[in-house]
Every structure is written in structure tokens, then in C-alpha cells.
Amino acid sequence: MTSPRRAWLAAAVALLALVAASVALRWPGFTQGGFASHDVGGILYNAMLLDAGQLPYVDSVELKAPGTFYLAWLLAGPEARDIARLQIWANLWAIASLLGVAAIGGVLWGARAAVLAAAVYGLGDAFLDSMDANYVTWAQLPQVLAVLAAALASRSREGRRRLGLWLLAGLLAGLATLCKRPAGAVLIVVAAWAAFADPKRRLDLRALAAIGLGFLGAHLPIAAHYLSHGQLGGLTGGYLFNTWGARYVGRRAASVGLVGGVREGSMALAYFLALPLFLALWTGLPSAERRRSSPLPWLWLWFAMTLVAASVGMRFYKGYFVAVGPALALLAAAPGGLLQRRLGQRARWLRALALALVAVLALRSAWLGKAVRDDRGRVHDRGGRLLAEHIAKGTEPGDRIWVWGWHLWDVYAFTGHLSGSTIYKSLGLLTPPNDDTWRTPASKLVISEDMSYRTLLIDELSESLPRYIALGSTVPRGDFPELREFLRSSYVRDRGVRVGRVEIWRRRDPAPKP
């Protein structure tokens with residue numbers, strides 16, 4: 001057996017061990033079967049709409065990108081609402097992302113780099129994505145695979161294969177964008193790589209055209225689905241020109257400012273990605289004569305673009321940084337980095353000190369991962385399940401319900417009932433956009449000064465008359481007199497179950513005819 005073959009065989013064994021370790025770490029994500037983040041309730045709700053023949057943005061007021069809704073429709077079982085099944089798929093998806101990072105390292109630098117990149121990335125990915133089926137998890141795999149396709153294309157000398165790989169890179173960048181808009185930053189990375197990586201310093205317009213064609217092609221199936229319903233305008237309005245999303249991004253950014261945002265982003269980056277960031281800084285940039293052929297500039301660009309994407313809205317949530325991890329892990333695994341560099345006799349003490357710090361940071365990463373594992377093993381949706389069980393006893397198929405409060409979004413999936421209003425979630429509509437960050441809690445919710453969504457809600461609830469309405473404990477329910485009047489006119493308080501301080505209202509049955 002040749003030496004390269006032995007190296008790849010050893011790498012395959014090491015990668016299998018890393019996958020096994022990742023599965024063990026993520027085991028609660030595979031088995032707990034509940035909502036870790038209530039945002040996933042929004043994903044499943046829109047999947048339920050699709051399953052019912054309806055459309056996000058048309059039959060729901062929505063700000064998120066549509067790709068995750070379609071994935072959940074495909075993966076979340078009958079009626080597209082099985083959270084346990086979706087969590088299993090999400091964690092498999094995340095492990096596939098880890099293998100994608102390893103594949104990029106292998107394409108760029110060989111077997112050793114594949115293992116090192118996967119190991120560095122795997123020390124932090126489960127901590128960052130919380131082993132959950134949230135938007136960041138679904139956007140990660142196509143983003144990683146887009147860069148993998150770009151790496152393969154940059155090394156291909158056969159024209160048609162090269163163009164096909166750039167087309168694939170654009171397609172995967174489009175899929176990442178469909179899952180989470182900021183993930184579209186990877187399009188800039190693959191386009192720059194295609195345009196300027198030619199050693200002969202020629203601008204490759206055909207590669208750019210292939211990437212653009214692939215990016216647009218990724219959007220065609222969903223666009224065709226909306227077009228078949230005569231609602232292409234609903235898709236463009238909700239996905240491309242979403243005013244709710246603009247308010248969400250702008251609220252925190254306006255109050256923090258550029259300097260404050262840079263400070264907060266730097267702190268969050270150092271906290272969430274200390275290990276790969278330290279290792280990447282040791283790698284640095286290639287020498288000027290090798291810069292044109294080296295992949296390092298494109299990996300640094302990938303890091304920069306994902307960091308900018310993680311800064312959108314200036315909240316710097318932990319999950320946003322999972323997209324920053326692959327580029328740093330690959331930079332850490334580069335031949336010129338600390339983990340692979342051979343230093344002279346005088347510099348060995350410096351390397352020893354650096355590796356000691358790496359060991360400390362690796363232990364910290366493992367501890368953070370264990371903390372998330374322990375938290376993921378706990379039930380976070382007990383209240384939603386209890387409320388859903390109570391509602392199920394008093395409803396029939398086809399009945400509508402309505403809940404107000406982030407912690408109650410799960411109830412739609414648990415009951416299988418759709419909302420009595422297109423406003424199925426309220427942050428940024430009935431109340432201002434949330435202003436919490438990665439290290440500060442949210443302000444107390446207040447009712448929005450904008451009357452338009454409150455009026456829309458009351459009009460739609462008056463028409464649909466949901467069987468049940470539940471008001472969460474943190475929403476400003478006392479500051480919404482129109483809702484109070486509507487409830488008193490058509491509903492009665494249901495005290496048949498106690499779920500914290502949630503108010504439950506049941507539609508008043510009509511009086512029997514004499």
C-alpha cells in the first residue's frame with residue numbers, strides 16, 4: 001500500500017472516530033425529541049402550511065427565508081410537524097457539515113488537514129448550533145458544500161468539469177441563502193474565488209456566469225411552486241423585500257452604532273470561537289509569490305464574510321457563529337499553521353507555549369459542549385405540551401387556534417392546528433422587535449405603537465373565531481384593549497389546566513335553540 005493510501009486510510013479511521021464522538025455528544029439532540037428553541041416552532045408551522053396546500057408569506061406574516069420550511073415539509077413526517085424526527089435529521093445534517101469541512105481540508109491539503117479541520121470544527125459546532133433544528137443548522141451544510149465545490153473547481157483543469165463545479169457552487173450558495181439570507185455571503189466567496197484565482201490573472205467570466213446561473217437555479221423550484229398558485233409576488237415580497245425583516249435588523253443596529261457593534265462582535269467572536277481563531281491567526285497569509293495559487297486568501301475572505309453575516313442586526317447570537325467556524329477550522333489545519341508547521345530549534349519553546357494554550361482552549365471547548373449537551377437533555381417544551389394536550393381534548397380536525405408568545409409557538413405543531421390569523425408570531429408586529437443580544441436579556445415586551453397589525457389580527461380572529469386562544473405570561477396582554485374586548489365578547493376563560501401564568505380562552509359555545 002502506498003504512503004498516500006495509508007494516510008487516507010488512517011484519516012478515514014480518524015474521521016469515523018470523530019463522527020462517533022459527535023454522535024455521542026449530540027445524543028440528546030437525536031433522542032430528546034423536543035423543542036430546544038421555540039424558533040423551530042415557526043419552521044414547523046410554515047411546513048404545516050405547505051402540507052395544507054397554503055403558502056408562507058401569503059397565509060402567514062413571515063420574515064424568515066423559505067428554504068427551511070420546505071426542508072421541514074419534506075423531513076418532518078406526516079403533516080410536517082414531527083419535531084422528534086426533524087431533530088434527528090438536523091443533527092445528521094450537522095454531522096454532514098462536519099464531514100464537508102473535512103472534505104475541503106482534504107481537497108486543499110490532504111489527509112492530515114482533513115482530520116485536523118474536522119477535529120477543530122467538531123470541538124465547537126455542537127455548542128454553537130445547540131444540537132437543534134434551527135435555521136443556522138440547515139444553512140450550514142449547503143454553505144460548506146458550496147466552498148467544497150469551489151475548492152474542487154479551482155483545482156480542475158478540465159473545462160467542462162470546472163464549469164460544472166462552479167455551477168454546483170452557485171447552486172449550493174443559493175440553497176444556503178434560501179435557508180438563511182445572511183448565509184448568502186458565501187456567494188461572494190465562491191464568486192471571488194472563481195473570478196480571481198486563475199494563476200494567469202485572467203478574469204474567468206464563464207465561471208462567474210455558471211455561479212450566477214446555479215444561484216438562480218436554486219430558487220426556481222420554490223418560485224415555480226408560488227407561481228403555480230399565482231402568488232409569485234407573495235414570495236418576492238416576503239423573501240426579497242421584507243419590511244418586517246428590515247425593522248428587525250435595524251432596531252438593534254441603530255441603537256448600538258458601528259463602534260459598539262465592532263466591540264460587541266469582537267467580544268462574541270473571541271468568546272465563541274477562541275480555539276479556531278487562535279489557531280487561524282498562527283496561519284496568517286501566504287507569501288506574495290504564492291498568494292495567487294494559495295487558497296488561504298479565499299478562506300480568510302470566507303471568514304470575513306461569515307463574520308459580517310453574523311453581525312447582521314448587531315445581536316451576535318451564539319448560533320450565528322456556527323457559520324464562522326468552518327473557515328477558521330480550515331485555516332487552523334493549513335500546512336503553515338501551528339498544528340502542522342515545523343519550527344526551528346529557537347522557536348520550539350514558543351510552539352510549546354502555544355500548544356499548551358491550545359490544550360486549555362480545547363478543554364474549554366469540550367466543557368462548553370458538555371454544558372450544551374446537558375441542557376439539551378432537559379425538556380424545554382413541557383408547558384407547550386401540557387397546553388397542547390388540553391387543547392386537543394376540546395378541538396376537532398380543521399379547528400383553528402391562536403397563541404401569543406414565543407414560548408407557545410410549539411403548540412401549533414403539537415396540536416396540528418393552524419393559526420386563526422396570518423399573524424401566528426408577534427415579535428416585530430404586535431410588539432417591537434426583540435432587543436436581546438448574545439449577553440444581555442431582552443427588555444420587557446410592550447405593545448407596538450403601529451396599529452395596523454393589531455387591526456389585522458382582530459379582523460382575522462373575528463372572522464376565523466379560533467376554538468382556543470392562549471396568551472403567554474410575558475406578552476403585554478393588558479395593553480391590548482381591542483383583544484380584551486374581543487375575548488370578552490366571544491370567549492370564556494378556560495381554567496381546566498394550569499400552565500404557568502398563561503391565559504387560556506375557549507370559544508363560547510352558542511346557546512342551544514329552544
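Which residue in S4 does Ala470 stand opposite? This report on a predicted model answers that question and then turns to a pair of helices.

## The sheet

Strands of a sheet pair through backbone hydrogen bonds, and the pairing is either parallel or antiparallel. In this model, 4 strands form an open sheet in the order S1-S2-S4-S3. The pairing within this sheet is mixed. Strand S1 (401-404) and strand S3 (491-493) are the edge strands, and each of them pairs on one side only. From one strand to the next, the twist averages 20°.

Strand S2 covers residues 468-471 and strand S4 covers residues 503-507. The two run antiparallel and are joined by 4 bridges. As for the opening question, Ala470 stands opposite Ile504 in S4.

## Two crossing helices

Two packed helices are described by the angle between their axes and the distance between the axes. Helix H3 spans residues 39-51, and helix H4 spans residues 67-75. Their axes come within 8 Å and cross at roughly 70°. Angles of 65 to 115 degrees count as roughly perpendicular, and H3 and H4 are therefore roughly perpendicular to each other. The crossing of H3 and H4 is right-handed.

## Where the helices meet

On the H3 side, the contact is made by Gly42, Ile43, Leu44, Asn46, Ala47, Leu50 and Asp51. On the H4 side, these residues meet Thr68, Phe69, Tyr70, Ala72 and Trp73. By type, the residues of the contact of H3 with H4 divide into 8 nonpolar, 3 polar and 1 charged.

Key:
Residues are numbered from 1 along each chain as its sequence is written. This is a predicted model: local features need pLDDT of at least 70, side-chain atom pairs count only at pLDDT 80 or more; totals for chains, interfaces and linings use all residues. Side-chain values use heavy atoms; hydrogens and water are left out. Two strands pair if DSSP finds at least two bridges between them. Axes are lines fitted to C-alpha atoms, for helices over the stretch in contact, and angles run from 0 to 180 degrees between N-to-C directions. Angles under 35 degrees count as roughly parallel, over 145 as roughly antiparallel, 65 to 115 as roughly perpendicular and the rest as oblique. A crossing is left-handed if the near helix is turned anticlockwise from the far one by less than a right angle, and right-handed if clockwise. Contact means heavy atoms within 4.5 Å. Ala, Val, Leu, Ile, Met, Phe, Trp, Tyr, Cys and Pro count as nonpolar, Asp, Glu, Lys and Arg as charged, and the others, Gly among them, as polar.
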